[in-house]
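I opened this notebook to record what I looked up in one chain. The entries follow the order in which I consulted the model.

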Amino acid sequence: VLAHHGADLVHSGESDAVLAALSLLGDANVTSDGRLSLIASLAHSVQLEPTAASRYLQAADLAWRSAMPGEAEALRELVQARSTLFSSGWSRPFPGSGVRPAALSAGALPGIRIEATLANAVALLGSGRYSAAQESAAKALSEAAAVHNGYLAGRSLFDQAIGAQLQGNNRRAAGLLRDARARSPARVRQPGPRHAAVSLVYAGQALLRLEPVSAHNLAVDAAGNLDALEPTPAGLGAAMRSAAALLEAGALFDLGEVQRGLDGLLAARLMLDPEAPFAGALSAWTALIEHSAALSHGYPRRAGEVLDWAQRPLGGTAELCLLRAAAADSAGRAESAAHHLRQLREESLPALLAWTAVEVPLLECLTALRNGQRARAVGHLSLALRKAVDLDVLRPLAGAGPEVRSLLMERVGGPEAAAVRTVLQQRTPENISALTPRELEILTLLPSHLSLRQVAEDLQLSVNTVKTHVRILYSKLGVTNRHDAVEAAFRHGHVA
């Protein structure tokens, strides 16, 4: 049964059951049979366990000293291609991104063809070729749907979600993940590295949505499920470890553990091999997050180190130009900052991250405010808000600085009210006080032109409840009116 149907079972999401059945046969019986060794190698490779997959692939080669049957040859090519993704033999562009057409044409199993297409999609993602990767994953989805294979359909949607998340498009990634869950069989919930990959995508979403507790827990969970991946300096295993370290450190920083967060961001940056898969996107994430963190807490030298490091992996990109503009602005070099911002506007530099489109108008907003161009600043902030809401990416807004955040408070009653409140409620350790979450929520609404009745309606509270909260707020802030409450809130850092 395993010899004839094992591959089909793996391609249906039953790799756990297949491995359990193979274990009952005993390792000696499996490794002495070329077909069973290939089935074992396939099951381990699908579960992202490359060391075990490689061992059984070698056993298959030893057991099959003569030519393999066509179907087995196609299966071997597939496992070899998948194994290379996780080895130190990775290089960009990835030369072994799929199964050889000659071998594939001999394979009768549709699952092998779909898996080969998915392996190609992952390789293209790792090389930063997102459009080609999406086409490959979409092709796999179409073929999986044609044979009613929900497991492989879910896998193809998940691969597309990885591409969207790498680019920082939370909204698209979330939609693809919902579709992937809907297509995948409910019983398929594999622990280990595949579970880690899912956790990393969700952690990235949470970090960009300003949900640092969830981001931290998911990143820690991902790191704990990567033990089966070989500790090589290259390959997908290294990329996944770098991503887990980056997301955990970014979450710690957002939770107010500034020094631990900065230390972790440095460690994540040093872990990142510029030749590893996904290096382009991960380098952009790392550079933008660490550079912003260093500048916001008064570490210009550290920000300079990040900028120097970014020259190689981000050369010629919008992200590197953005970093240069932010560094110049922070150092008071207005002409240099303006020059780099003009480059961003006029030269159509390729962007690795979708949320760079939020960062650029935020910096434009800040420079306009410093030049006394309030109307222009409002326009840039409006653009940044629209982009942030479209992408479901709020993190850049939270780190925009007190000048921009002051302007942002005037938008509490606008169409992006929910996003604005989420941003303004972010607090750093030095800003945490005795204010309750509800009091802080009401405080962020006070600068708007909403009446207390409208505030109550917005928060689904009674007017009397809101009035009680306001009286307590005034008492805690030592003020007697709405204007002074807002001023005190900024002064004491409650909403700064």
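**Entry 1: helix H20 and its end**

I began where H20 ends: the helix is followed by Gly372, whose phi is positive, near 75 degrees. The model is predicted, so I noted its limits: local features need pLDDT of at least 70, side-chain atom pairs count only at pLDDT 80 or more, and totals for chains, interfaces and linings use all residues. Residues are numbered from 1 along each chain as its sequence is written, and side-chain values use heavy atoms, with hydrogens and water left out.

I then checked the length of H20, residues 356–370. Its 15 residues should span 21 Å at 1.5 Å a residue, and the end C-alpha atoms are 21 Å apart, which agrees. The expected span is 1.5 Å times one less than the number of residues.

How many residues of H20 are buried? Twelve of the 15 are, so the helix is largely enclosed by the rest of the structure. Buried means under 20% relative accessible area, exposed over 50%, and partly exposed in between, with a 1.4 Å probe and protein chains only. Among the buried residues I listed Val358, Pro361, Leu363, Leu366 and Thr367. The buried residues of H20 pack against H16 (279–296), H18, H19 (334–346), H21 (374–391), H22 (395–398) and H23 (402–408); contact means heavy atoms within 4.5 Å.

**Entry 2: Asp329**

I next looked up Asp329, which lies in H18 (residues 318–330). Asp329 counts as buried, at 12% relative accessibility. Which side chain does Asp329 join in a polar contact? The partner is Arg370, at 2.6 Å. A polar contact is a pair of N or O atoms within 3.5 Å; within protein, one must be able to donate a hydrogen and the other to accept it, and residues adjacent in sequence count only if both atoms are side-chain atoms. Leaving out residues up to four places away in sequence, Asp329 touches Ala337, Leu363, Leu366, Thr367 and Arg370.

**Entry 3: helix H4**

I turned to H4, residues 34–46. Its 13 residues reach 18 Å from the first C-alpha to the last, close to the 18 Å expected at 1.5 Å a residue. Twelve of the 13 residues are buried, so H4 is largely enclosed by the rest of the structure. The buried residues include Leu36, Ile39, Ala43 and Val46.

I also inspected both ends. At the start of H4, a side-chain oxygen of Asp33 reaches to within 3.0 Å of the backbone nitrogen of Arg35. Just after H4, Leu48 takes a positive phi of about 60 degrees.

**Entry 4: Ala488**

I found Ala488 in H28 (residues 482–492). Is Ala488 buried or exposed? Ala488 is buried, with a relative accessible area of 0%. I recorded 9.6 Å between the C-alpha atoms of Ala488 and Tyr474, which are 14 residues apart along the chain.

**Entry 5: the whole chain**

I closed with the totals. The chain has 28 helices and zero strands. Buried residues make up 55% of its 496 residues. Of the contacts in the chain with a separation of 6 or more, 67% come from residues 24 or more positions apart.

Terms used: Helix = DSSP H or I, 4+ residues; strand = E, 2+ residues; numbered from the N terminus.
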